[in-house]
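Subject: A structure for you to look at

Hi there,

I am passing a structure on to you, and my notes follow below it.

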Amino acid sequence: SSLGRVSHCMEETAYHEAGHAFMASYLGGFVRSVTIEPDRDDGPNRLGDVQIVWPSGRMSAKEFQNKLVLVALAGPVVEMIYRGEPLHPGFVAEWADDWRKAWDAAEPILADQQKRLAFLEETARELYGLLHRDQHWAAIAALADHILAHETLETEEIQEILAVWRR
């Protein structure tokens with residue numbers, strides 16, 4: 001049914017955005033909000049959005065770029081796990097923006113395009129293993145469930161949900 005497809009698409013989007021939010025939080029970022037109902041007036045037509053603030057002055061430029069790569073790839077990787085399909089994040093149209101963000105963030109680290117591609121592919125593989133771990137997957141699933149229930153989560157709700165899994 002059409003409703004079933006919409007519902008399934010919303011679930012995939014919720015997991016995708018939960019992946020970005022979880023990874024940002026895991027890496028020490030401050031997740032301001034996560035939504036599956038983004039504003040349609042600020043750029044490309046997106047299905048979801050995560051607003052992240054990074055602590056200033058506590059990391060090198062390379063460390064910051066690495067964190068941007070991990071957060072960008074986390075959404076597609078979580079969606080792969082959810083779908084049970086280990087796809088290449090660079091070849092799925094819906095993930096093109098995430099792949100571009102990861103590619104751009106990795107450029108200052110690796111100017112050579114072949115090495116950058118290999119780095120991003122290896123990073124995606126490592127993320128797959130990390131995010132598939134039971135405790136991480138449980139936190140991501142809890143976050144996705146709340147996103148589906150409320151469409152938008154703010155900082156306090158996100159921290160409360162993830163705090164349960166940090167113990």
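Here is a question to start with: in which helix do Arg100 and Asp97 both lie, and how many residues apart are they? Both are in helix α3, three residues apart, which is about one turn of the helix. I will come back to this pair below.

Before that, a word on the model. The model is a predicted one, in which local features need pLDDT of at least 70 and side-chain atom pairs count only at pLDDT 80 or more, while totals for chains, interfaces and linings use all residues. Residues are numbered from 1 along each chain as its sequence is written, and side-chain values use heavy atoms, with hydrogens and water left out.

**Overall layout**

The protein has six helices and three strands. Helices (H or I, at least four residues) and strands (E, at least two) are DSSP runs, numbered from the N terminus. Along the sequence, their order is α-β-β-α-α-α-α-β-α. The protein has 167 residues, of which 42% count as buried. Here buried stands for under 20% relative accessible area, exposed for over 50%, and partly exposed for anything in between, with a 1.4 Å probe and protein chains only. The areas themselves come from the Shrake-Rupley method, and for residues only the protein chains shown count as cover.

**Helix α3**

Helix α3 covers residues 96-106, and its buried residues are Asp98, Trp99, Ala102, Ala105 and Ala106. They sit on the same side of α3, because they cover an arc of only 130 degrees around the axis. That arc is taken from the directions from the helix axis to the C-beta atoms.

**Salt bridges**

Now back to the opening pair. In general, side chains of opposite charge can pair when their charged atoms come close. The term salt bridge is used for a side-chain nitrogen of Lys or Arg within 4 Å of a carboxyl oxygen of Asp or Glu, and the structure holds eight of them.

Arg100 and Asp97 form one of these, with their closest N and O atoms 2.6 Å apart. Asp97 also forms a salt bridge with Lys101, where the closest N and O atoms are 3.3 Å apart. Asp97 and Lys101 both lie in helix α3 too, four residues apart, again about one turn of the helix. Asp97 is partly exposed at 26% relative accessibility, Arg100 is partly exposed at 42%, and Lys101 is partly exposed at 40%.

In helix α4 (residues 113-132), Glu122 and Arg125 lie three residues apart, about one turn of the helix. These two form a salt bridge whose closest N and O atoms are 3.0 Å apart. Glu122 is partly exposed, with a relative accessible area of 35%, whereas Arg125 is exposed at 52%. Elsewhere, salt bridges that share partners join Glu12, Glu79, Arg83 and Glu85 into one network.

**A negative patch**

Which residues form the negative surface patch? They are Glu154, Glu156, Glu157 and Glu160. Patches are built from residues with over 30% relative accessible area and no salt bridge, joining like charges within 9 Å and nonpolar side chains (Val, Leu, Ile, Met, Phe, Trp, Tyr) within 5 Å. Lys and Arg count as positive and Asp and Glu as negative, with His and the chain ends not counted. Each charge is placed at NZ of Lys, CZ of Arg, CG of Asp or CD of Glu.

Helix α6 (residues 155-166) supplies the largest share of the patch, three residues. Glu154 lies in strand β3 (residues 152-154) and is partly exposed, with a relative accessible area of 43%.

**A few single residues**

Glu151 is in the loop between α5 (134-150) and β3. Although Glu151 is not a glycine, its phi is positive, at about 70 degrees. Glu151 is partly exposed, with a relative accessible area of 35%.

Gly29, in the loop between α1 (2-26) and β1 (30-35), is buried at 13% relative accessible area. Gly29 and Val71 are 42 residues apart in sequence, and their C-alpha atoms are 9.8 Å apart in space.

Leu148 belongs to helix α5 and is partly exposed, with a relative accessible area of 31%. Between Leu148 and Tyr15 there are 9.0 Å in space, C-alpha to C-alpha, and the two are 133 residues apart in sequence.

Enjoy exploring it!

Best wishes

Definitions and conventions: Areas by Shrake-Rupley, 256 points an atom, 1.4 Å probe, with all protein chains shown as cover.
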